[in-house]
Amino acid sequence: MGSEKTLPNLLAERASKKEHEVALRQKHLGIWNEITWGDYLKKVERLSLSLAKKLNFKSGEKLAIIGENRPQWLYSQMATQSLGGISVGIYQESLPEQLIYYLNDCQARLVVVEDQEQVDKLLEIEQEIPLVEHIIFYNKQGMRHYKHPKLIDFEELLENGASLAEDNPRFFQNQLAQGLGDDHAMIAYSAATTGKARGVLLTHENLQDAAKNLLRVDQMEEKDDYFSFLPLSWIHEQVVSVVIPLSTGMVVNFPEKAHTVIGDLREIGPQTLLAPPRVYQKIMSDFTIRMEGASWFKKKVYQTFKKYGDKMAHAKLNKQTLSFGEKLMYQLGDFLIFSAIRDHVGLSRIKRAYIAGAALQTEAFYFFHSIGVNVKQTYGGTELAGIAFVQLDDDINVESSGVPLPGTDVRIGEDGVIYVRNSSISTQYLHEEDRQTMIDGWTTLGDCGRLGTDGHLYMLDRQEDIIKDQNEKLIYPRIVENKLKTSPYIQEAVCFGKDMPYITAILNIDLNSVGRWADKNRIVYTEYSDLARDPQVIEFIEQQVAGLMDQLPSYARVKKFSILHKQFTADDGELTRTLKVRRKFIEDKYQMLISGMYSETEKVTMTNFEKESIGEISLQVIQLNMKQGVA
């Protein structure tokens, strides 16, 4: 059952009981500044007064927030919700044309932004966002000479709110008393892997139920630390860094800057972490590079105990047991080396490290468990209010997406589509035309999968991406792509082949690992593009792909591939802001290259790279020969 309370109600309750306990930490100029629950509530109260009395913000209105993870984001969201309003998180890296879509789509009248960069983007598109009346900024750097009538200083609103509180001592409490659990709390936009992003309306009950379901599996305690660096626009991050702390008292820590995340993570050493696969792969890659540069003695010690770490990981992930001697050697290795590795990467106190957004490579899974880091795969989505499936601590399967959270039902349709039902599912979209059909509370995100006899959910692919070959056999591109990405030298892979005679792929190489390989082989390069087009690198990646394709059925193997001259990015539209591949966009953008892989050509010359200032570029089409086993 959902709660009758709103999120601001929970904040007020926790602040009254734990006024002087730390709620948030924000790193600024190298110093971790602490914010208590009492301070948190006071800022929300003052801001809500200013929004209501000065800017005439009313119940049901939308307020958009654009910026990095900061306390001001939480103040803005809670103040909005305390007035009966709806907060709308927008990714801070959004391009101007994306901001036009989001702001017009949600019809926000007020926008809270972080800094000069976001202000400049909004002023640039001012004529295209006519509904926006006020732009509230909370980082003053570079803003001194800005005199635009729509601009408002966040601190001035807080000061104004402090004055208003003297004349309206009961205003905030009266507003909280009017809020109900089934009121809309926020609009969260879907990842937009296909088509445009859709706004999903989530209630306070939806969000609290999602948090309660996860807490029934993984207990998070008061004063535990959580490191919040994923965009707060993402529903997964909202549940873990905003909702769960309200009920548990977990402390939320915000990094100083996007580029300081890894260093700040080391300083905090959180008990809980949520990150996409790329973050875990970067941590593993950085450690590997560091070990390669270590002294002979350190390498020897690590290699001596690594085999026992690998045995422990294999035993845990395959439900096997170790001998007494192996356990003893692992414990010694943990004391001497593994604990130091965890401390170095900021995971010395970790209880759980959630993987969200995509599947983590098997190699990385085994690496983290070998050093004692409890990484766990999850599955969820915007309509599900975040995580709906998670692996249990004593039941981790590297191939699965976990088991349903308590209160969550799952079934597989005749077409293989996954249907989910629980109390946190949203039944409302911002626009009627986006509404999905729900039957008896069941909904789907469009993914196909299967349920194992062990109760785990095994993902296959999105329904629209599944390929049927000429012999009516089903090919799941995601499975082929994940197989390719098990190579530490391949960062991203996107496969194609619908209505075609064979499977092809566009690859991104991993700059760090391929760079190390190139250095060892004395290959000179200056940037990613040089490596991606180097003949020796191409030959090396061809060997990697050929070996991996031998592990797949002949009908599902990639026959031709090309290494793209650039990495996929969200700014160029190939990835979502949560780093998911936008397959249809890539297929349209690189149609010339894909068509070339279905011809006899060995090179494709592509043109029209306006954003990249490239007139034309030639990319090699690599065909795996028959002796390598490709049908």
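Trainee: Which residues lie nearest the centre of the second largest pocket?
Mentor: F229, A258, R278, V279 and L579, out of 35 lining residues. A pocket is an open set of 1 Å grid points with protein on both sides within 12 Å along at least five of seven lines, and lining means an atom within 4 Å of a point. This is a predicted model: local features need pLDDT of at least 70, side-chain atom pairs 80 or more, while totals for chains, interfaces and linings use all residues. Residues count from 1 along each chain, and side-chain values use heavy atoms, without hydrogens or water.

Trainee: How much space lies in that second largest pocket?
Mentor: About 1100 Å³. Helix 10 (261–268), helix 11 (277–292) and helix 16 (511–520) each give two or more residues to its lining. Helices here are DSSP runs of at least four residues, strands at least two.

Trainee: Which helix gives the largest share of the lining of that pocket?
Mentor: Helix 11, with 5 residues. By class, the pocket lining has 15 nonpolar, 11 polar and 9 charged residues.

Trainee: Switching topic. How many cavities of 30 Å³ or more are there?
Mentor: The search finds 2. In a cavity, a 1.4 Å probe fits but cannot get out.

Trainee: What lines the second largest cavity?
Mentor: A210, L214, H236, V239, V240, A385, G386 and I387. Helix 9 gives the largest share, 3 residues.

Trainee: And which residues line the largest cavity?
Mentor: Among them are I65, W73, Q77, M186 and L232. That lining has 7 nonpolar, 5 polar and no charged residues.

Notes
Points joined across faces, edges and corners; volume = space filled by probe spheres on them. Nonpolar A, V, L, I, M, F, W, Y, C, P; charged D, E, K, R; others polar.
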